[in-house]
Amino acid sequence: MPLETPARIVRALADRGYNAEREAVTLIANQPDPTRALERAVEKAPDETLVLSAGQVRESIENDSSGAGYTTPQEPPAENSTADSTGDSDPHVSSGTPAEQSPQNGGETGDETGGSAGGASRESGLAASPPDGTTGSQSTATTGLTEEGAPEMGQQSAAARPESNQGKTDSPASERSVEDREITVSGDIASIGTGKYSDFVSVFQDRYEKLSRQLRGRVNHRPADTIEQMSPGSDAALIGLVSDIRSTASGHWLVELEDTTGTFPCLIMKDREFADDVRNMLHDECVAVEGTLADDGGILFVDSLHFPDIPRTHSPSTADRPVKAALISDVHCGSEEFLGDAWQRFADWLHTPEAAEVEYLLIAGDMVEGIGVYPGQDEELDIVDIYDQYEAFSEHLKDVPGDIEIVMIPGNHDAVRLAEPQPAFDEELRGIMSAHDAQISANPSTVTIEGVSVLMYHGVSLDEVIAELPDESATYDRPHDAMAQLLKKRHVAPQYGGQTRVAPEPEDHLVMEEVPDIFHTGHVHKLGYGKYHNVLMVNSSCWQSQTDFQKKVNLQPDVGYAPIIDLQTLDLTIRQFV
Ligand code: D5M
Ligand code: FE
Ligand code: ZN
C-alpha cells in the first residue's frame, strides 16, 4: 500500500501497534521513500514505545545508511488541505445573499441544515443578510435557522473604548444582572489514566458499555461468541465497535464488529439503502446490525444498520429569560497573525448596550498559539514564551466586560497534554488567567447555562472526519457536517490510532452520554452552523489570519466571527469583527 498520505501512515503505524506525534507522521510523509522511513522508525523505536516521537523518526532517518537522508517537510499533507477552495468565496457572511426565512429549517425536521462562511452555504438559503448602516467593518447576520429577522446593526463601539477592565468590574454600558445566572460545568476529569495497557482495554470497554446501552433497545443482540455458535441461516443481531471496514472485489462492504467476547464479520450489500452509511463509518465507532447468518454461519448478511444517534424527537431546552451566549474559539494569542484589532472590536462591542443580553462567553480552545505545535511555527511567533502568551491572553480577556461569565476549555495549541480528553489548565496557568475569574474546564466539557446544555469540544477529530469521509459528508467549508457525524456516532473522537490522540483512560470521557442542546467546536478555523436532529451546531472560526503553515495546506480561515445564541429561542446571530 503506498504511504503517500498521513492518514495511511497513521494507519500503518497503528497496525504495528504505534500511535505517533503528528510531526512524526509529517516527517515520514515527506521522505522520498515513506515506506522505508516508516519501517526504519518502527525498527529503531525502543520496545516500550507507544507513541512514536518526531525525534525518534528524525534519528532513524538520519542514521539510515542508505543515504535516503532527512528531508524537511515541505509539501502539505494531502488530507488536511481544504477540500474545496470555493474561489468566489468572500468569507464575510455579511456579503452573502439576504437571509431567506426557510420554514423547513425551522427545527421541525432540522436535519443537517446550516451554513458556513464559504460559498457553499449560500446555496443552503441560510446565508445571512447584509448589514445596513454598517459602521466600521463589524457586520452581523442571522442564520435563518430560526424565525428571527436580521438584527439591527449595532453601532460599532459607540462608547469610547473602555479602559482595561481589571477583574470582575461591571461594565458601564451593559449592567448585566449577575443574580439570575445559572451555570454548571462538568467535564473535569476526576482521574487521569496511567497509560498502562489496562487503560487501553478499559477505555474501549467503557465505550462499548456506554454506546451499546444506547443501541440495546433497538435490536435483540447476542454476543459475538454466541453468534458463532448459532445455526446457519438464523436471524441474528450484534452490537460492536467497528474493527475493520473493507470493500470486497464486487463492491460490497465487509465490516468486522467487535464486542467484549470477540469479533464477527458482517456483509453489507452495495445495493442496500444503508450502504452509503458505511462510507461514513470510522474505525472504533459503535453500531448495531441485524441480519441473517450465511449458510456456513461464518458471516452475517446485514438487513439493518443502526447508529447510537440523536433521537429525532430531541427537544432542546431553552432559557426562561432573555439571555445570550457568545461562542468563540481559536484566539491564538502570541501568534504574529493574532488579530488583536478584531478582538478589541469584539470586546468593545460587548460593552455596548446592544450586547447587554450577552452574559456568557464560551471559548472552545486554542487560547494561545503555543510553541512547537507544527514545523516552522517558531518563525511566526510574536511571543515565544508560552507563559508570556498566556499573560498576553489574560490581558485581552480583561477587555471583556467583567460581568460576563467566561467558560474555557483547552485546545491542541494550549499547554496541557495533547491526548484527549485534555485536562483543564493547571494551577499555574489558572493563576495567570485569573483576572477574569473564568470557569476553566476539560476538553470536552458540558456546560449548562440557564438550563441549556452546551457540549464544548475543541474539535481536533474534525480534521480526521473531514479527511476520511466522502466530501458529501464533510468538508472544511461545512464543518457542521462533520459535527453532525460526531453527533450521530455519539462520540467526539471515534477513531483511535489516527491523527487524533486519544488517551488510554479508565473511562471513555469522549462518549456523548447525554444529548446536548448545543454542540460547540472550533479548531478548523472555519465558521459553520446548522441543526442536526434539533441540536444546534456551531463551529466558531478563529482570531488568527492565515499562517504560512495554513497556506501550505491550503486552509483559508474564516476570521473574527462571534456566533451569538439567544438562549431563550436558540436563534443564532453571526457577527464579524474584522
Ligand atoms: O488547527 C487549524 C487547522 O489547521 C486545523 O484544521 C488543522 C490544520 N492543521 C494544523 N496543524 C496541522 C498539521 N501539522 N498538519 C496538517 N494540518 C494541520 P490548529 O489547531 O489551530 O493548528
Ligand atoms: Fe486553532
Ligand atoms: Zn486547534
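This note walks through the metal site, the barrel and the salt bridges of a predicted model.

1. **The zinc ion.** Four residues of the protein donate to the zinc ion (ligand 3): D366 (OD), N412 (OD1), H458 (NE2) and H523 (ND1). Their distances from the ion run from 2.1 to 2.3 Å. Along the sequence, the spacing of these donors reads D-x45-N-x45-H-x64-H. D366 and N412 link distant parts of the chain, 46 residues apart. D366 sits in the loop between strand 12 (358-364) and helix 10 (386-398). N412 sits in the loop between strand 13 (405-409) and helix 11 (427-432).

2. **The iron ion.** The iron ion (ligand 2) has D330 (OD), H332 (NE2), D366 (OD) and H525 (NE2) as its protein donors. They lie 1.9 to 2.3 Å from the ion. Here the spacing along the chain is D-x1-H-x33-D-x158-H.

3. **The bridge between the metals.** Which residue bridges the iron ion (ligand 2) and the zinc ion (ligand 3)? D366 does, and the two ions lie 3.2 Å apart.

4. Is D366 buried or exposed? D366 counts as buried, because its relative accessibility is 0% and the cut-off is under 20%. N412 is also buried, at 12%.

5. Turn next to the strands. A barrel is closed by 5 strands, in the order 6-7-8-10-9, with mixed pairing. From one strand to the next, the twist averages 55°. Strands of a sheet pair through hydrogen bonds of the backbone, in a parallel or an antiparallel way. Strand 7 (residues 253-259) and strand 8 (residues 262-268) are antiparallel, with 7 bridges between them. D259 has G262, in strand 8, as its bridge partner.

6. Helix 6 (residues 197-215) lies across strand 6 (235-247), strand 7, strand 9 (286-293) and strand 10 (300-306). Relative to strand 6, helix 6 runs at about 130°.

7. **Salt bridge from helix 6.** The model has 23 salt bridges. One of them joins the side chains of E513 and K210, at 3.8 Å from N to O. K210 belongs to helix 6, while E513 lies in the loop between helix 13 (479-489) and strand 17 (518-521), so the pair ties together parts 303 residues apart in sequence. K210 is buried, at 8% relative accessible area, whereas E513 is partly exposed, at 39%.

8. The side chains of K488 and D277 form a salt bridge at 3.7 Å, N to O. K488 is in helix 13 and D277 in helix 8 (residues 275-279), so this contact ties together parts 211 residues apart in sequence. K488 counts as buried at 18% relative accessibility. D277 counts as partly exposed at 22%. R478 and D481 also meet in a salt bridge, at 2.7 Å from N to O. D481 is buried, with a relative accessible area of 6%.

9. **A salt-bridge network.** Which residues are joined into one network by salt bridges that share partners? They are R181, R321, E359, E405 and E450.

Conventions. Residues numbered from 1 in each chain as written. Chains lettered and ligands numbered in written order. Predicted model: local features only at pLDDT ≥ 70, side-chain atom pairs only at ≥ 80, totals over all residues. Heavy atoms only, no water. Donors = N, O, S within 2.8 Å, 3.2 Å for Na, K, Ca; no water. Helix = DSSP H or I, 4+ residues; strand = E, 2+ residues; numbered from the N terminus. Buried < 20%, exposed > 50% of the residue type's maximum accessible area, 1.4 Å probe, protein only. Pairing = 2+ DSSP bridges. Axes fitted to C-alpha atoms, helices over the stretch in contact; angles between N-to-C directions. Contact = heavy atoms within 4.5 Å. Salt bridge = Lys/Arg side-chain N within 4 Å of Asp/Glu carboxyl O.
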